[in-house]
Amino acid sequence: MPPTIDAAWLSCAAARPSARLRLVCLPYAGAGGGAFRPWAARLGPDVELWTAQLPGRERRLAEPPVTTMDDLAAPLVVAIVDRIRPPYAIFGHSMGALIGYEVTRRLVDRGGPAPERLVVSAALPPHRSARAGAAHTRDDAGLTAWLRELGGVPDELLADPALLALILPTVRADLAVVAGYRPARVPALPLPVDAVAAADDPLVAAAAVAGWAACTSAGFTHTVVPGGHLYLHDSPPPLHRLLAGGPAPDRAAHAYAEGATP
């Protein structure tokens, strides 16, 4: 039997029925849920990890990628309502941060169940997302060069024409989602927002990430970690500090920026 629509969009990385919290991870441009699955062991038994499965990658490679935020957010809202048992939190990196905000806004508008907090990483806030640029309009050579400059993408992948032919359409479509995301309104969410920035990110300055403070009326933290835009390939963000034990991580989050281990 083929999976239902909502089952196609979310996957549980490691079932933990007794976990205190579920964490839904939303990927950056071109990435799939596999980017987050190694986190399951790091998060420990109190967090059950779920990953978004977007068209055009991994098990949905045969499906064409989508190019609008609505085509991503609408089915993810349905999948979260149907499959994620509260309490839960959402983490999004780069493009995933914007998807996370839009999904959370829609969940709040419909009366929930909304996440207990939103963690955003390496992304401009939604009211500034139009400044993300037009990398999606470049030809294949130009987009490959852009990915090389970005860092964090394996050289062997960038040097393999067959692999590039598979991933570039998805990367381009995802970047079009970011460039085209111009929400008519950006309400402050009634839940905490934790923003993580990378100190050497060539795309999104740490100060710009602080602009997410305008997206919440319920508490905000801003943590700066070492690395570039795809820093999470080298070390994950301080999620266990941000997610464990309610509001206390708001104080602990800043310790990571001062050199604590993740």
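This is a predicted model: local features need pLDDT of at least 70, side-chain atom pairs count only at pLDDT 80 or more; totals for chains, interfaces and linings use all residues.
Which residue forms a salt bridge with Asp109, the closest N and O atoms being 2.5 Å apart? The residue is Arg185. I will come back to that pair after some background.

Numbering starts from 1 along each chain as its sequence is written, and side-chain values use heavy atoms, with hydrogens and water left out.

First, the overall picture. Of its 262 residues, 51% count as buried. Buried means under 20% relative accessible area, exposed means over 50%, and partly exposed is in between, with a 1.4 Å probe and protein chains only. The chain exposes about 11,000 Å², and carbon and sulfur atoms supply 57% of that; the areas come from the Shrake-Rupley method with a 1.4 Å probe, and for residues only the protein chains shown count as cover. Among contacts with a separation of 6 or more, 80% are between residues 24 or more positions apart, where contact means heavy atoms within 4.5 Å.

Now the salt bridges. The whole structure holds 10 of them, each being a side-chain nitrogen of Lys or Arg within 4 Å of a carboxyl oxygen of Asp or Glu. Asp70, Glu102, Arg105, Arg106, Asp109 and Arg185 are linked in one network.

Take helix H4, residues 95-109. Arg106 bridges to Glu102 with the closest N and O atoms 2.8 Å apart, and the two lie four residues apart, about one turn of the helix. Glu102 counts as buried because its relative accessibility is 4%, whereas Arg106, at 21%, counts as partly exposed.

Asp109 also pairs with Arg105, at 2.9 Å between the closest N and O atoms. Both of these lie in H4, again four residues apart. Arg105 is at 14% relative accessibility, so Arg105 counts as buried. Asp109 is partly exposed, with a relative accessible area of 46%.

Back to the opening pair: Asp109 forms a salt bridge with Arg185 at 2.5 Å. This one links distant parts of the chain, from Asp109 in H4 to Arg185 in the loop between H7 and strand E6 (193-198), 76 residues apart. Arg185 is partly exposed, at 42% relative accessibility.

Next, helix packing. Helix H5 (residues 140-150) and helix H7 (residues 161-180) pack at an angle of about 80°, with axes 11 Å apart. That makes H5 roughly perpendicular to H7. Axes are lines fitted to C-alpha atoms, for helices over the stretch in contact, and angles run from 0 to 180 degrees between N-to-C directions; 65 to 115 degrees counts as roughly perpendicular, under 35 as roughly parallel, over 145 as roughly antiparallel and the rest as oblique. Residues that meet include Trp146 and Leu147 in H5, and Val171 and Arg172 in H7.

Last, the surface. Leu61, Leu163 and Leu166 form a nonpolar patch with about 250 Å² of accessible area together. Patches are made of residues with over 30% relative accessible area and no salt bridge, like charges being joined within 9 Å and nonpolar side chains (Val, Leu, Ile, Met, Phe, Trp, Tyr) within 5 Å. Leu61 lies in the loop between strand E3 (47-52) and helix H3 (69-83).
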